[in-house]
Amino acid sequence: MTDAASLLYDLKGKRVWVAGHKGMVGSALMRRLAEEDCTILTVDRGKLDLRRQDLVECWFNEHKPDAVILAAAKVGGIQANRSLPAEFLYDNLMIEANIINGAYQAGVGKLLFLGSSCIYPRDILVPISEEHLLTGPLETTNQCYAIAKIAGIKLCQAYQEQYQKNFISVMPTNLYGPGDNFHPEYSHVPAALLRRIHEAKMAKNKSVIVWGTGTPRREFLHVDDMADACVFLMKHYSEKGPINVGTGSDLAIADFVSVLQDVVGYHCAVEFNHEMPDGSPRKILDVSKINNLGWTAKIPIKDGLRKYYQWFLENIDHLRK
Ligand code: GDP
C-alpha cells in the first residue's frame, strides 16, 4: 500500500468498532485491522440487534468507540434481492440510521459506511464515476437495497455538512473471498458458480447451469483488497461524496465461468438459463479517485479465485448458507 495521500485520521491507539465483523467484509477487516495499532471492538448479532435503536445507543454509551466501520448489512445476490425486498430495505435502513446517528451522538471521530455499486443508475456510461449518483433510474432487481444504501450515503453527507462529522461512504464493486455466503439461490454470482462447478465436478456432470444470458459484465474484487482499501480510506479520505473501490477491469459472466472452470479444474458444457434475470448489463466502477489518492487493488483475479476455491474446499462442511 502506498501512503502517498496525507494522513487525515490516525488509527493508532483508537478503539475501532467493526459492525458486522462476522460477515465476509467484516472478517476481512478483522484480519486487516490486526496489522494496525488499534483496539478492535465487536459484538455478536445475538447480543445486539442493530435494527433496535435503543440497544444500539446503549452499546455506544457502554463501549465508547473512537471510530466505526459499518460493514453490517443484509446482503445477497440478485435472487435474494428479488425475493426479500422488504428485509433488504428495512433492515439496511434501520442498521444504518441507528449506527450513523448513534455514532454522531456518541462523539465518534470517524465512521466509514460501506455501500455498493448498485446505488448507481442502471443505464449509465461505464466506468461509473462517483458523480453519477442519483442521475437516473436504478436497476429494478436490487432497487430496495440500493435505496437503503443511498440513504446511508446521504446520512453520512448530512452529518458531514450539518455537524462537520468525518463520516465517509465507500462503494465496493462485486466482492468475493473467504467467508462468502454459498447459498445455492441467494448467494452472489462468484459463490453460486464456484459451488455449482465444484458440485458438477464431484458428480461428473456433463453441464452446469448459469443464470441469465452470460453477457452481463461484472468487476470482481477480492475482499482482502477491499479491507485494505477501507483501512487506507479511514486514514486518507474525508470528503463528503462516496468513493469507489474496484479493480478497474471487468469480464462477461460467460468468461467468468471459464475462469472458474480453470480454477476448479473442470470444463463441462454451460447451459444458460434465460428464465433467470441478467440484472445490470455493466457496472464497472471508475476507480481513478482512489487510484489518485495512492491505492490500487493488488490481488489478480486468477490468484484471488484460486485462494477462494482453496478456502471453499477447506470449509465445505461448515459454509455460511
Ligand atoms: P449483481 O451483480 O448485483 O447483479 O448480483 P450477483 O452477484 O447476484 O450477479 C448477478 C449476475 O450473475 C447476473 O447477471 C446473473 O444473471 C449472473 N448469474 C449467473 N449465474 C448466477 C447464479 O447462479 N447466481 C447469481 N447470483 N447470479 C448468477
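Is Arg51 buried, partly exposed or exposed? In this predicted model, local features need pLDDT of at least 70 and side-chain atom pairs count only at pLDDT 80 or more, whereas totals for chains, interfaces and linings use all residues. Residues are numbered from 1 along each chain as its sequence is written, and side-chain values use heavy atoms, with hydrogens and water left out. Arg51 has a relative accessibility of 34% and counts as partly exposed, a class that falls between buried (under 20% relative accessible area) and exposed (over 50%), with a 1.4 Å probe and protein chains only. Its salt-bridge partner is Asp49, with N and O 3.1 Å apart, and Asp49 is likewise described as partly exposed, at 27%.

Across the whole structure, 17 salt bridges are found, each being a side-chain nitrogen of Lys or Arg within 4 Å of a carboxyl oxygen of Asp or Glu. One of them joins Glu36 and Lys235 at 3.0 Å, N to O; because Glu36 lies in the loop between α1 (24-33) and β2 (39-41) and Lys235 in helix α7 (residues 223-236), the pair ties together parts that are 199 residues apart in sequence. Helices (H or I, at least four residues) and strands (E, at least two) are DSSP runs numbered from the N terminus. Glu36 is buried at 17%, and Lys235 is buried at 10%. In the salt bridge of Glu239 with Lys289, the closest N and O atoms are 3.5 Å apart; Glu239 sits in the loop between α7 and β10 (243-245) and Lys289 in helix α9 (residues 288-293), so this pair links parts 50 residues apart in sequence. Shared partners join Arg32, Glu35, Glu36, Asp228 and Lys235 into one network of salt bridges.

The ligand has 18 residues around it, of which Ile78, Arg196, Arg218, Pro277 and Asp278 come nearest; a residue is near when one of its heavy atoms lies within 4 Å. By class, this shell holds 9 nonpolar, 5 polar and 4 charged residues. An oxygen atom of the ligand is 2.9 Å from a polar backbone atom of Ile78, and a ligand nitrogen is 3.0 Å from a polar backbone atom of Trp211. Taken alone the ligand exposes 540 Å², of which the protein buries 97%, areas that come from the Shrake-Rupley method with a 1.4 Å probe. The largest share of the shell, 4 residues, comes from α6.

Terms used:
Polar contact = N/O pair within 3.5 Å; in protein donor to acceptor, adjacent residues only side chain to side chain. Nonpolar A, V, L, I, M, F, W, Y, C, P; charged D, E, K, R; others polar.
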